[in-house]
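Hi everyone, thanks for coming. I'd like to walk you through one model today, residue by residue. Have a look at it with me.

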Amino acid sequence: MIEAHIEIPSGDPRGIPRIVGTRVRVQDIVACHEFQGMSPDEIVAGYPHISLADVHAALAYYHDHRDEIRRQMR
């Protein structure tokens, strides 16, 4: 379940999705993977407080909401 990994904090008026319980945004994971060419394992090494499942959930969320995430990244 992606909801176990990705949340949109209720106090965030911009509605930016994050890894549950962290300040790591989905767009941060996307930037590492898509623009810096990092593998999911490399991303976890850079963010040791998130899991490999979190990274994969963030990437799945991105692919399901690509236009929305790209707008947020601008």
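Before we start, one cut-off: a residue is called buried when its relative accessible area is under 20%, exposed when that value is over 50%, and partly exposed in between. And please keep in mind that this is a predicted model.

Let's begin with an arginine. Arg-18 sits in strand β2. Is Arg-18 buried or exposed? Its relative accessibility is 15%, so Arg-18 counts as buried. Which residues does Arg-18 touch, if we leave out those up to four places away in sequence? On one side of the numbering there are His-5, Ile-6, Glu-7, Pro-9 and Asp-12, and then come Arg-23, Val-24, Arg-25 and Val-26.

Now back to the strands. Between β1 (6-7) and β2 (18-19) there is a loop, and Ile-8 is found in it. With a relative accessible area of 43%, Ile-8 falls in the partly exposed class. Beyond four places in sequence, Ile-8 makes contact with Gly-15, Ile-16, Pro-17 and Tyr-61.

Last stop, the charged surface. Which residues form the positive surface patch? Four arginines do: Arg-66, Arg-70, Arg-71 and Arg-74. Let me pick two of them. Arg-71 belongs to helix α4, and its 54% relative accessibility is why Arg-71 counts as exposed. Arg-74 comes in the segment after α4 (66-73); at 77% relative accessibility, Arg-74 is exposed as well. Arg-71 also gives us another distance: its C-alpha atom is 11 Å from that of Arg-14, and the two residues are 57 apart along the chain.

So, to recap the arginines: Arg-18 is buried at 15%, while Arg-71 is exposed at 54% and Arg-74 is exposed at 77%.

Definitions and conventions:
Residues numbered from 1 in each chain as written. Predicted model: local features only at pLDDT ≥ 70, side-chain atom pairs only at ≥ 80, totals over all residues. Heavy atoms only, no water. Patch = residues over 30% accessible without salt bridge, like charges linked within 9 Å, V, L, I, M, F, W, Y side chains within 5 Å. Areas by Shrake-Rupley, 256 points an atom, 1.4 Å probe, with all protein chains shown as cover. Salt bridge = Lys/Arg side-chain N within 4 Å of Asp/Glu carboxyl O. Lys, Arg positive; Asp, Glu negative; His and termini not counted. Charge placed at Lys NZ, Arg CZ, Asp CG, Glu CD. Helix = DSSP H or I, 4+ residues; strand = E, 2+ residues; numbered from the N terminus. Buried < 20%, exposed > 50% of the residue type's maximum accessible area, 1.4 Å probe, protein only. Contact = heavy atoms within 4.5 Å.
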